[in-house]
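The sequence and structure are shown first.

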Amino acid sequence: MALALNTMDTTDHTPIHTIADELSSDMRYPSAPELQLQLATILQTTLDLETLLQLFYEEIADNLGITGLAYRSEDDKIHIELGLTAEVTCSYRLTTPESGVGELKFFLNDTPHESLLKLLEISIGALLYPLRNALTYREVLKAALTDQLTGAGNRASLDATLTREINLSKRHSQPFSMLAIDIDWFKKINDNYGHQAGDEILKSLVETIEKPARSTDQTFRYGGEEFVVLLHNTTRRGAEVIAERIREAVEQQTVVVLGEALKITVSIGAATLDIQDTGKSFFNRADQALYEAKRNGRNQVVCSTQPQRVDEVLV
């Protein structure tokens with residue numbers, strides 16, 4: 001670990017009993033063994049990353065007066081902030097003998113004393129391996145819910161996410177839309193150029209879909225060459241605009257496979273959640289709009305109609 005305040009190297013840890021002796025005269029903070037025991041007890045209760053960091057933050061905020069913290073892992077594309085930011089910060093690069101596990105930043109109201117810095121290092125020591133385990137667990141879950149070819153969510157992930165987001169949309173009376181996307185004439189690509197070309201097309205399509213996407217939008221591979229995009233807090237008009245943007249981006253793109261430049265198009269069906277919708281009926285309306293786009297000539301967007309949107313309901 002490395003501390004941003006003074007770039008000190010804390011990989012060579014002082015024994016806990018020595019630190020405890022040094023801190024015994026500072027009554028503002030708990031003793032080092034007490035803090036270490038409290039954290040060890042609490043942090044072993046969960047493998048969920050967000051819950052783990054919340055428990056860690058609450059414990060050190062109560063005991064050490066930290067105003068907030070931020071955890072970042074560039075490799076895993078994770079950024080979590082808790083509490084309040086402040087001008088004074090302490091940043092640590094977190095490593096185990098096996099690998100790095102991200103960076104942790106503490107926010108403080110005042111410049112920390114040496115005794116507080118040592119307690120922060122002890123706290124991080126207690127967090128390090130539970131954090132590594134939570135990241136490993138997160139990766140296992142992600143692999144189980146991810147299409148291995150394209151990196152998009154898989155069918156199981158779509159089913160779970162759709163149920164949750166429909167409930168949230170209805171509870172908060174927020175619009176929620178879905179795009180069903182299918183590659184035009186995909187079988188001909190496989191027949192003429194082989195399955196390797198088809199795989200490259202599928203991976204390229206997901207990248208193209210996700211480039212203009214917002215951080216809250218989610219992409220899933222439903223099966224074969226069909227994909228689903230869930231658009232949070234998005235009206236029918238908003239879904240139509242996003243769908244047309246995706247359609248144009250795909251049409252303009254060239255995918256080079258084995259030295260050959262290939263062009264593709266997509267047909268897109270869009271639907272916005274009805275107050276009567278279940279996950280199945282919602283998907284079916286987007287899927288029916290998709291097949292209408294194909295019947296009408298492909299390479300176009302068709303929007304499903306609905307009698308009453310969720311965001312039109314009075315609460």
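A contact is taken here to mean heavy atoms within 4.5 Å. Of the contacts in the protein with a separation of 6 or more, 64% are between residues 24 or more positions apart.

The model is predicted: local features need pLDDT of at least 70, side-chain atom pairs count only at pLDDT 80 or more, and totals for chains, interfaces and linings use all residues. Residues are numbered from 1 along each chain as its sequence is written, and side-chain values use heavy atoms, with hydrogens and water left out.

**Overall composition**

The protein has nine helices and eleven strands; these are DSSP runs (helices H or I, at least four residues; strands E, at least two), numbered from the N terminus. Of its 315 residues, 47% count as buried. Burial refers to relative accessible area with a 1.4 Å probe and protein chains only: buried is under 20%, exposed is over 50%, and partly exposed lies in between. The protein exposes about 16,200 Å², of which carbon and sulfur atoms supply 49%; the areas come from the Shrake-Rupley method with a 1.4 Å probe, and for residues only the protein chains shown count as cover.

Strands of a sheet pair through backbone hydrogen bonds, either parallel or antiparallel. In this model, four strands form an open sheet in the order β2-β1-β4-β3, with antiparallel pairing. Its edge strands, each pairing on one side only, are β2 (78–83) and β3 (88–95). Neighbouring strands of the sheet are turned by 15 degrees against each other on average, direction ignored. Pairing requires that DSSP finds at least two bridges between two strands; β1 (residues 68–73) and the antiparallel β2 are joined by six. R72 has H79 of β2 as its bridge partner.

Two helices lie across strands of this sheet. Helix α3 (residues 49–64) lies across β1, β2 and β4 (100–108), at about 35 degrees to β2. Helix α4 (residues 114–144) lies across β1, β2, β3 and β4, and runs at about 50 degrees to β3. Axes are lines fitted to C-alpha atoms, for helices over the stretch in contact, and angles run from 0 to 180 degrees between N-to-C directions.

T46 is located in the loop between α2 (32–43) and α3. Because its relative accessibility is 18%, T46 counts as buried. A polar atom of the T46 side chain lies 3.0 Å from the backbone nitrogen of D48. Leaving aside neighbours within four places in sequence, T46 is in contact with T51, L52 and L55.

**Salt bridges**

The whole structure contains 15 salt bridges, each being a side-chain nitrogen of Lys or Arg within 4 Å of a carboxyl oxygen of Asp or Glu. The table lists examples.

| Salt bridge | N to O distance |
|---|---|
| R72 and E74 | 3.6 Å |
| R247 and E251 | 3.2 Å |
| D277 and R285 | 2.5 Å |

R247 and E251 both lie in helix α8 (residues 236–252), four residues apart, about one turn of the helix. R247 is buried, with a relative accessible area of 10%, while E251 is partly exposed at 34%. Both D277 and R285 are buried.

Methods:
A polar contact is a pair of N or O atoms within 3.5 Å; within protein, one must be able to donate a hydrogen and the other to accept it, and residues adjacent in sequence count only if both atoms are side-chain atoms.
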